[in-house]
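User: I would like to go through this model with you and ask what stands behind the terms used for it. Please set each value against its cut-off.

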Amino acid sequence: MDEKTKTELLTLFKNKLNRAMRYYLDTCTRCGVCTKACHAYASTGQVRYTSAYRHELVRRLYKKYFKLQGKVWPAAGEAKVLEDMTIKELYDAAYSCTGCRRCMVYCPFGIDTQMIMSIAKLLLVGASTEPELLTMLADMSIEKGKSMDVFKESFLTGIKKLEGQVVEKWRSEAGETVIPIDVDGADLLYVALAGAHSIIPAAAVFNAAGEHWTLSFFEAVNFGAFVGDPTRTTLILDRIISEAKRLKVKEVCICECGTAFRVMKHLTGPQPFKVSSITEVQARYIREGRIRLDKSIVSDTVTYHDPCQIARNGGIIDEARYILHHLTDNYTEMTKEPKYNWCCGGGGGLVAMGEETLDFRMTSSSIKADQVRKTGAKILSTACENCHTQLGDLNDHYKLGVDVKFLSSMVADALVR
Amino acid sequence: MQTLIYIIMVPMVYAAAAIFVVGIIIRLVVLLRAPANPSTLQIYPEKRPKWLWAIHDTFLFPTVRRHKPVLWVFLILFHIAFLLLFIGHLELFADFQLTQIIAHDIFLGQGFVGLTLSICLLFFLFRRIKSPVREISVPEDYLLLLLLFLTVLFGSQMDWARTWYEYGELTVEDYRAYLLSLVVLKPDLPFATTFSGHSFMLVLHIFFANLFLIFFPFSQLMHSILSLPMNKLRRG
């Protein structure tokens, strides 16, 4: 690695050193309590997948370049020079970590491995060795934000085609727009994913609840966050914030996408609108009596996988259970405490990277497959696109024999007039 | 030899104390001047009051109790024993009514506090040799445990000799005279601290303690100060 690149990468590193990051890098005692927390270690037994091992890779660079100990006595902390091999190790650590933060529950100090891995991911971006696909997808999202007029017509045409399927689930009153778009002054802006499955059930539920809503032009997923690029993350986020402000909405509702929800909820800062997940909104509709659900629709045993970014990292835990208890009397918990739920193994951009990561995703998540199997449930519900895809892959790979469903789809299918 | 003993017991003590205090202050200033994280780092579900739960997490190590109960027992014993030894050392400087609520001889615990600490440190040391803790450990981790073990061992030897074997050449009064002379910047080494049969233990105890204090601000030992704000971050 040439000196210029090294200097640039170390500047990126330095920019990430806020107070919390310094706490995390300064404090680990390598006590080993976190080792059992990672699903990848639990599934494979390889120490390189323990969270302490992962963040020690970053910590050794920190010691070398930003700590006196690393400069005076590098051997004590195994401080390490930044070189090409380091970049390869960082790639392995960063893209085998799903950012689920289960290890944070175990750590006696609460060290956030996902945050430390954000340094690794940023260094990979700086060295142009990040997964190309993720950067490409992030850039496409940003480009869409810049040239909305180019995409607008085809988007509107596509949405129009979905209206029939929405009406099949919930017949709107005559004259009402089935999927409203660009509604100035709407109460709620719904930010979906690029796919009918993310729009149709949600639209049916909004219409059933009599919500004054509007659909966002943009997809919720933030590939910038997956690839760990703060600039791209902010640019993608800003498209939605600008739209929400322009339409003067009171609430931005994020679809079933864990990363999108957490990024929107925690990174937007104070805004004139509140941020909710669709699970929260649907639970609210039930609580307020705006929608009613038919319990006879779901007859098999149902379990629920808490998406890490929505539950442990986003705080939406009780709402999903509230909905499920209105959907069925045959619900079984996957884990006694949702904050200890095993990650599906698909987060952090791994699912978005598709086939490239499939083998790793399957081998590193056998513990998740075992957890699902033990519930004895026939329906496995969840509220995150990544989790849904990963759980579907696990279902096929481990022959779990479950039906993986989105929670919002189950709500839409059980709507009662 | 006497020169070396003098260097260890006087200038090195001052240097170690200065590095310890200034080092920690600099580390804290750097930390406090760094910008706060723009978003919450909280884990859910949340419990209130958050500060109280952060204190609970910091001092009772509930996650260790749950996931590594044997380690937790040793950790709790270690930290309690460390606190008692700290109080014991304070009592070498002066008499404190507060610490004498339960009347006791100096040191507390009749030698068993040091013994407990030594056993705990051996446990911490040997558990590092086993996978997967071995793979994540760095030399610093072993070094600190060794330094602390040697400090505790030589310090406790003096305590054990007085308490268990009625060794009376090196007394609490001798320690107190030595320490107070350092505090008032008029260093004086009482005869017993350098010429008694067990004075080498005191010299080695102080030597390893000096090294420990010097290394403290630059090592993972900062967890003793940073654990509370970090646990607060997790609690939100």
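Analyst: Begin with chain B. From the N terminus on, its elements run α-α-α-α-α-α-α-α-α-α-α-α. Keep in mind that this is a predicted model.

User: How many helices and strands does that make in chain B?

Analyst: Chain B has twelve helices and zero strands. Its C-alpha trace spans about 60 × 40 × 40 Å along the principal axes.

User: What share of chain B counts as buried?

Analyst: Of its 236 residues, 32% count as buried. The cut-off for that label is 20 or more other C-beta atoms within 10 Å of a residue's own.

User: What part of the contacts in chain B with a separation of 6 or more comes from residues 24 or more positions apart?

Analyst: Such pairs account for 75% of those contacts.

User: Which residues meet where H5(B) packs on H6(B)?

Analyst: From H5(B) come B:Phe74, B:Leu77, B:Phe78, B:Ala81, B:Phe82, B:Leu84 and B:Leu85. They meet B:Val113, B:Gly114, B:Thr116, B:Leu117, B:Cys120, B:Phe123 and B:Phe124 in H6(B). By class, this contact has twelve nonpolar, two polar and no charged residues.

User: How many residues does each chain bring to the contact between chain B and chain A?

Analyst: Chain B brings 40 residues and chain A brings 44. On the chain B side, the elements giving two or more residues are helices H4 (62-67), H7 (133-136), H8 (139-165) and H12 (223-235). H12(B) gives the most, with eight residues. The chain B side divides into 22 nonpolar, twelve polar and six charged residues.

User: Now chain A. Which domains does the assignment give?

Analyst: Domain 1 covers 3-130, domain 2 covers 134-287 and domain 3 covers 293-416.

User: How do you know that domain 2 and domain 3 of chain A touch?

Analyst: By counting residues in contact. The cut-off is 7 Å between C-beta atoms placed from the backbone. On that basis, 28 residues of domain 2 are in contact with 30 residues of domain 3. The C-alpha centres of these two domains lie 22 Å apart. On the domain 2 side, H10 (132-146), H12 (196-208), H13 (223-227), H15 (258-267) and H16 (278-287) of chain A each give two or more residues. That side of domain 2 has 17 nonpolar, six polar and five charged residues.

User: What makes H14(A) roughly perpendicular to H15(A)?

Analyst: The axes of helix H14 (residues 230-247) of chain A and H15(A) cross at roughly 80° and come within 11 Å. The class runs from 65 to 115 degrees. The value falls inside, so H14(A) is roughly perpendicular to H15(A). In this contact A:Thr233, A:Leu237 and A:Ile240 of H14(A) meet A:Val263, A:Met264 and A:Leu267 of H15(A). These residues divide into five nonpolar, one polar and no charged.

User: How do you know whether A:Cys253 is buried or exposed?

Analyst: Count the other C-beta atoms within 10 Å: A:Cys253 has 29. The label buried needs 20 or more, so A:Cys253 is buried. This residue lies in strand S3 (residues 251-254) of chain A.

User: Which residues does A:Cys253 contact beyond four places in sequence?

Analyst: They are A:Leu188, A:Leu189, A:Tyr190, A:Val191, A:Ser276, A:Ile278 and A:Val281. The C-alpha atoms of A:Cys253 and A:Leu189 are separated by 6.0 Å, although the two residues are 64 apart along the chain.

Terms used. Residues numbered from 1 in each chain as written. Chains lettered and ligands numbered in written order. Predicted model: local features only at pLDDT ≥ 70, side-chain atom pairs only at ≥ 80, totals over all residues. Domains from an automatic or database assignment. Contact = placed C-beta atoms within 7 Å. Helix = DSSP H or I, 4+ residues; strand = E, 2+ residues; numbered from the N terminus. Nonpolar A, V, L, I, M, F, W, Y, C, P; charged D, E, K, R; others polar. Axes fitted to C-alpha atoms, helices over the stretch in contact; angles between N-to-C directions. Parallel < 35°, antiparallel > 145°, perpendicular 65-115°, else oblique. Buried ≥ 20, exposed ≤ 12 C-beta atoms within 10 Å, placed from the backbone.
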